[in-house]
Amino acid sequence: MSTMQAVRLPGGSTVEHVTVDVPTPGPGQVLLRMRASGICGSDIRAIYREHLGHGAEAYQGVVAGHEPCGDVVELGPGVRTLEVGDGVAVYHITGCGSCDECRIGYPIGCTSPTRAAHGWQRDGGHAEYMLAEAVSCLRLPEGVTHVDGALVSCGFGTAYEGLLRGGVSGRDRLLVTGLGPVGLATAMLGRHLGASTVIGLEPNAERASLARDLDLVDVVVTDPADLADAVGDATGGRGCEVSMDCSGNAQARVAALTHTAARGRCVMVGEGGRIDFAVSELLIHKQVALHGSWVTSLGHMAELLDLLGRWGEHPERIVSHRFSLAEADEAYAVAAAGASGKVVITWD
Ligand SMILES: [Zn+2]
Ligand SMILES: [Zn+2]
């Protein structure tokens, strides 16, 4: 049997390079030759530094990487929806297939013990090859690159779902708190969905200037004390119709709520932590709708891939660092430093 290089994350901010067997696709599965594999904030938060997760976020020592994109090189028995040579992005969770969440296309919300996410409980994209369920593979439309596809698998999918939950349209001005990769994705997709003004809050100067240089935001604020003036100026004192927190930071979450307009929508996708805020002042009296949103559905992921092709937009514009699999140590160190755009492992 042939072997391949792969990466695991044992904790303690270390990367372990291992040699493992190339897997064989079983019924309903395909073997992908990996072309791009993103590093997500969750990999850093819950796996790389220390294994924090429970349940859906428990890391079980598998090949890491939950933003996989590759080419189909072998079909398992019974696979009729894909062909060898297809480029596919992978919805990174396989659910039980029959619970309420799975039935509506959200395996992310499946609570069955058989649910498994690539890079958490089943082997992920940080290897030369990966096994995937054919039903989790979404073909890349014309013009959408493998790096684009990898980014859609978690980060951009999460941003898109949050924007849909917030109902962003041309009627809205959008505030994004936290301009890490998901925040940058939110700003980029928010513009395409019509947001007339995009305002960003990001304390890290490098990330703030990346957002500005890529023209993803109209205004970016690095000092939270300046946000009230920036939002006030841009909205005539009204606030933003939609705000989305992509940071997980308590102050940033409160800032997002504070600067949401009356009858506006506030969406939280940044993970972890807790929040304490004045419920009457920020939520009840302003009649704000507060949404939590977690990753996306298979249907919305397919829709986003299609839209990217139609828009001619490339998520890979937010990639600041590309590394080979052999350089995964450096890739994780850069991602963990929190000053970069998106970090991706590629085989180009
Ligand atoms: Zn992720
Ligand atoms: Zn399920």
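Predicted model: local features only at pLDDT ≥ 70, side-chain atom pairs only at ≥ 80, totals over all residues.
**Zinc site**

I began with the zinc ion (ligand 1) and looked up its donors. The zinc ion is held by Cys 40 through SG, His 66 through NE2 and Cys 154 through SG, at 2.0 to 2.2 Å. Cys 40 has a relative accessible area of 6%, so I put it down as buried, the limit being under 20%. His 66 comes out at 1% and is buried as well.

**The open sheet**

I then traced an open sheet of 6 strands. Its order is β12-β11-β10-β13-β14-β15, and the pairing is parallel. The edges are β12 (219-221) and β15 (289-292); each has a single partner strand, so one side of each has no neighbour in the sheet. On average, neighbouring strands here are turned by 15° against each other, ignoring direction.

**Core**

Which residues have the most contacts inside the largest nonpolar core? I got Leu 9, Leu 151, Phe 156, Leu 174, Leu 189, Ile 318 and Tyr 332, in a core of 71 residues. Helix α3 (residues 146-165) gives the most to this core, with 8 residues. Apart from this core I found another one of 12 residues, including Val 30, Leu 32, Val 79 and Met 130. I also listed contacts for Leu 9, skipping residues up to four places away in sequence. Among them are Val 15, Ile 47, Tyr 48, His 51 and Tyr 332.

**Helix α7**

In α7 (residues 250-258) I marked Ala 252, Arg 253, Ala 255, Ala 256 and Leu 257 as buried. At the start of this helix, a side-chain oxygen of Asn 249 comes to within 2.9 Å of the backbone nitrogen of Gln 251.

**Positive phi**

Most residues other than glycine have a negative phi. Ser 13 has phi near 55°, a positive value, and lies in the loop between β1 (3-11) and β2 (14-21). Ser 13 is partly exposed, at 37% relative accessible area. Gln 287 also has a positive phi, of about 55°, although it is not a glycine. I placed Gln 287 in the loop between α8 (279-284) and β15, and its 47% relative accessibility makes it partly exposed.

**Glu 83**

Last stop: is Glu 83 buried or exposed? Glu 83 is exposed, with a relative accessible area of 56%. I found Glu 83 in the loop between β4 and β5 (87-90). Leaving aside neighbours within four places in sequence, Glu 83 is in contact with Val 72 and Leu 75. I also took a distance to Met 188, which is 105 residues away along the chain: the C-alpha atoms of Glu 83 and Met 188 are 32 Å apart.

Technical notes: Residues numbered from 1 in each chain as written. Chains lettered and ligands numbered in written order. Heavy atoms only, no water. Donors = N, O, S within 2.8 Å, 3.2 Å for Na, K, Ca; no water. Buried < 20%, exposed > 50% of the residue type's maximum accessible area, 1.4 Å probe, protein only. Pairing = 2+ DSSP bridges. Helix = DSSP H or I, 4+ residues; strand = E, 2+ residues; numbered from the N terminus. Axes fitted to C-alpha atoms, helices over the stretch in contact; angles between N-to-C directions. Polar contact = N/O pair within 3.5 Å; in protein donor to acceptor, adjacent residues only side chain to side chain. Core = buried A, V, L, I, M, F, W, Y, C linked by side-chain atoms within 4.5 Å. Contact = heavy atoms within 4.5 Å.
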